[in-house]
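Read the following alongside the sequence and the coordinates.

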Amino acid sequence: DVTEIEEKEAQAKQEEQIMKEQELSNLLHEKRYLKALGLAISLDRPHTVLTVVKAILKEPEGRRHLEENIVRLRKDQKEAVLAFLVTWNTNSRNCHEAQAVMETLLKHEAPDNLLQFSGIKSAVESLLPYT
């Protein structure tokens with residue numbers, strides 16, 4: 001019978017998830033946005049990433065801070081953010097943040113690098129009608 005082992009594993013995963021949520025909350029409170037972005041992306045939480053982006057943009061010189069943080073993300077994290085911003089862009093409440101992130105990606109990534117992103121073709125096709 002492996003039920004007890006499975007229950008312990010599920011409980012451990014749930015506890016780890018709660019710890020990551022608390023860490024994310026602390027990072028936002030401390031305005032450590034790069035780590036907060038990385039953690040939210042690793043948790044696959046598009047809404048949380050959007051919350052971090054909004055918090056950065058509310059800061060004085062928010063655009064500059066957003067650029068600094070987005071540029072420092074790894075390629076796989078940038079791909080995830082690109083996928084998230086496609087969804088954000090379809091909602092008028094979030095389209096400004098999506099456009100700010102997209103502008104940063106277009107400004108700081110070479111076209112050849114952008115073409116290497118997974119899902120870039122579908123992302124561009126989805127962005128065009130709303131942009």
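Ser25 has a relative accessibility of 40% and therefore counts as partly exposed, a class lying between buried (under 20% relative accessible area) and exposed (over 50%), with a 1.4 Å probe and protein chains only. Ser25 is found in helix α1; helices are DSSP runs of H or I with at least four residues, numbered from the N terminus. Its C-alpha atom is 19 Å from that of Val81, 56 residues apart along the chain.

This is a predicted model, in which local features need pLDDT of at least 70 and side-chain atom pairs pLDDT 80 or more, while totals for chains, interfaces and linings use all residues. Residues are numbered from 1 along each chain as its sequence is written, and side-chain values use heavy atoms, without hydrogens and water.

The axes of α5 and α8, lines fitted to C-alpha atoms over the stretch in contact, come within 10 Å and cross at roughly 15 degrees. Angles run from 0 to 180 degrees between N-to-C directions. The pair is therefore roughly parallel, the term for angles under 35 degrees. On the α5 side, Leu82, Leu85, Val86 and Asn89 make the contact, and on the α8 side Ile120, Ala123, Ser126 and Leu127, where contact means heavy atoms within 4.5 Å.

How values were computed: Helix = DSSP H or I, 4+ residues; strand = E, 2+ residues; numbered from the N terminus. Parallel < 35°, antiparallel > 145°, perpendicular 65-115°, else oblique.
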